[in-house]
Amino acid sequence: MRNVTSIFLATTMLAAGIGAAQAEVNVVVSIKPVHALVAAIMDGAGTPDLIIEGTGSPHNYALKPSQAQLLQNADLVFWIGHDFEQFLEKPIEGIATNATSVALMDSHGLTKIKLREGGDFENHDHDDDNHDDHDDHADHDEDHDDHSDIDLHFWLDPINAKAMVHTIEDALTAADPEHAATYAANAERMMGRLDDLVVEVDAALAPVRGQGYIVFHDAYQYYESRFDIAAVGSITVSPEVMPGAKRVSELQAKVRELDATCVFSEPQFEPKLVSIIIENTDARTGVLDPLGATVAQGPDHYFTLIRNMTKALTDCLKPTS
């Protein structure tokens, strides 16, 4: 009997110890790439909840009742910001009333690039004049309308991911100081992994630099700027607006004129347009996924996302024998 009691007490104490090791903050994240960074920093302390799963797109997402419940119980909400996940703006203000909202577009040290106008990019370059110095954006209290001319796909630059990691660590530490050491150690580990990722991707893309390609929508200039590659155009600047017959005809001509090697679709949007655009051309097709829709969520999601994009580019752009 004494042995049974001892086992029961030991089990109870172990369970209590495990519970105490977990973060007491409820964390909700908007999109998979950001969720991956948050999950990596929380590793060993807790697990964040994700709103947009699968192939959902922040451009046209509708919040589910279960996700509204997550927001209602949240202590921290991480998202890109007002101008990206517009569907979240009112729920954060009206439902997540007890939560601290962390808009990662305000991360200190973030490199920001202005939106490109039109679907043809060959007259645009990626030099330093196209980047806003991060000191100009250090005021986190500025009105979000000031970001309306900024391309908000900034997570596709792993160096920007490092800036986001700093912001995530700071927010988690402020909300849950008991696990500050865990968050700091995880953040330091992530910095090294992101630096290694830059070196890896830069080397992988070297053989296909200079090859022209067209993307579904203009979501990739942070990745392109970091790794010195460049799309020559997009099918649509905004995924909410599908191109008309005139635009499709112009793109067909552009593929032929620029001898574009590849035209890329995305899993979140209708791929048939790509097939139409490459008719009677030598262009190949591929899939670029800026959100990692088909990649399992979790701490490694971000690295798989960037590697998958890199593989899609190199596979489609490499010269055929």
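Let's start with Glu 169, which sits in helix H5, residues 158–175. A word on the source: this is a predicted model. Is Glu 169 buried or exposed? Its relative accessible area is 15%, and the cut-off for buried is under 20%, so Glu 169 counts as buried.

What does Glu 169 touch, leaving out residues up to four places away in sequence? Ile 41, Tyr 183, Ala 184 and Ala 187. Then take Glu 188. Glu 169 and Glu 188 are 19 residues apart in sequence. In space, C-alpha to C-alpha, they are 9.9 Å apart.

Next, the strands. S3 covers residues 76–79 and S4 covers residues 100–103. They run parallel, joined by four bridges. Which residue in S4 is the bridge partner of Trp 79? Ala 103.

Follow the chain on from S4. The loop between S4 and strand S5, 112–113, holds Ser 107. Ser 107 is buried, with a relative accessible area of 2%. Its side chain makes a polar contact with the side chain of Thr 167, at 3.0 Å.

Now, confidence. The protein averages a pLDDT of 83, and 79% of the residues score at least 70. Two stretches to flag. Over residues 4–20, pLDDT stays under 50, and the model has two contacts there beyond four places in sequence. Over residues 122–146, pLDDT also stays under 50. For residues 122–146 the model has 41 contacts beyond four places in sequence.

That's it from me.

Conventions. Residues numbered from 1 in each chain as written. Predicted model: local features only at pLDDT ≥ 70, side-chain atom pairs only at ≥ 80, totals over all residues. Heavy atoms only, no water. Pairing = 2+ DSSP bridges. Helix = DSSP H or I, 4+ residues; strand = E, 2+ residues; numbered from the N terminus. Buried < 20%, exposed > 50% of the residue type's maximum accessible area, 1.4 Å probe, protein only. Polar contact = N/O pair within 3.5 Å; in protein donor to acceptor, adjacent residues only side chain to side chain. pLDDT = per-residue confidence, 0-100. Contact = heavy atoms within 4.5 Å.
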